[in-house]
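Hi,

Here is the structure I promised to pass on. Please have a look at it first, and then read my notes below.

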Amino acid sequence: MLSRILTLGLIGLMFCTTACSSTPPHPKGYETYVAKGDKFKDMALTSIQGDTVSFAQNKKKLIVLFATWCSDSKRTLRELKASPLISDPALEIIAIGREESTASLTEFKDSFGVPFTLVADPDKAIYSHYANKGIPRLILLDEQNRVIDTWIGETPDTVSQIKW
């Protein structure tokens, strides 16, 4: 009996820890609420510095939905900082902190050395437009703010899959 309880507990723990999900396992798994060709739903965002995040139709954008406490998010951000994407002048990177405040993201930006725009999403209002659970989420947009592709960054080297 005890071994069965321990086995069920371990299985439950495995389901709860993948992709830094903070919600109980969803019977249908991770759901993504945008598809290739969809228009990005949030057109007016504010950075942690109080600046308006422009969605002008002249640059590709990589949207990263993440959390500062999530090891998968941190790994993906490190991979992104080390990739050639970070210096691509035709690409704007916008990272949105799910359930994060301006204060927590400001501290994270300084300590982690984040070189791109950060946006706070303390109540998951932005995140909930794009997914039901699981972070980091990456959404690549074309110059007209249409979705090119999406990824869940729970495995190493997700950043290398970003191509257009």
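The buried residues of helix α3 (102-112) pack against β3, α2, β4 and β5, where contact means heavy atoms within 4.5 Å. Those buried residues are L105, F108 and F112; buried stands for under 20% relative accessible area, exposed for over 50% and partly exposed for what lies in between, with a 1.4 Å probe and protein chains only. Looking down the axis of α3, you will find them within an arc of 60 degrees, so they line one face of the helix (the arc is that of the directions from the helix axis to the C-beta atoms). The face turned away from the buried side carries the exposed residues A103, E107, D110 and S111. Just after α3, G113 has a positive phi of about 70 degrees.

Before going on, a word on the basis. This is a predicted model, in which local features need pLDDT of at least 70 and side-chain atom pairs count only at pLDDT 80 or more, while totals for chains, interfaces and linings use all residues. Residues are numbered from 1 along each chain as its sequence is written, and side-chain values use heavy atoms, with hydrogens and water left out. Helices (H or I, at least four residues) and strands (E, at least two) are DSSP runs, numbered from the N terminus.

Now to β3 (residues 60-66): 7 of its 7 residues are buried, so the strand is largely enclosed by the rest of the structure. K60, L62, V64 and F66 point one way from β3, and K61, I63 and L65 the other way. On pairing (at least two DSSP bridges between two strands), β3 runs parallel to β4 (residues 91-98), joined by 7 bridges, with L65 opposite I96. With β6 (residues 137-141) the pairing is antiparallel, over 5 bridges, and K61 stands opposite L141.

The largest nonpolar core has 22 residues, of which L62, V64, F66, L80 and I162 touch the most other members. Such a core is a set of buried Ala, Val, Leu, Ile, Met, Phe, Trp, Tyr and Cys residues joined through side-chain atoms within 4.5 Å. At least two residues of this core come from each of β3, α2, β4, α3, β5 (117-121) and β6. Apart from it lies another core of 20 residues, including V34, L65, I126 and Y127. As for I162, its contacts include L62, L138 and W151, leaving aside residues up to four places away in sequence.

Best wishes
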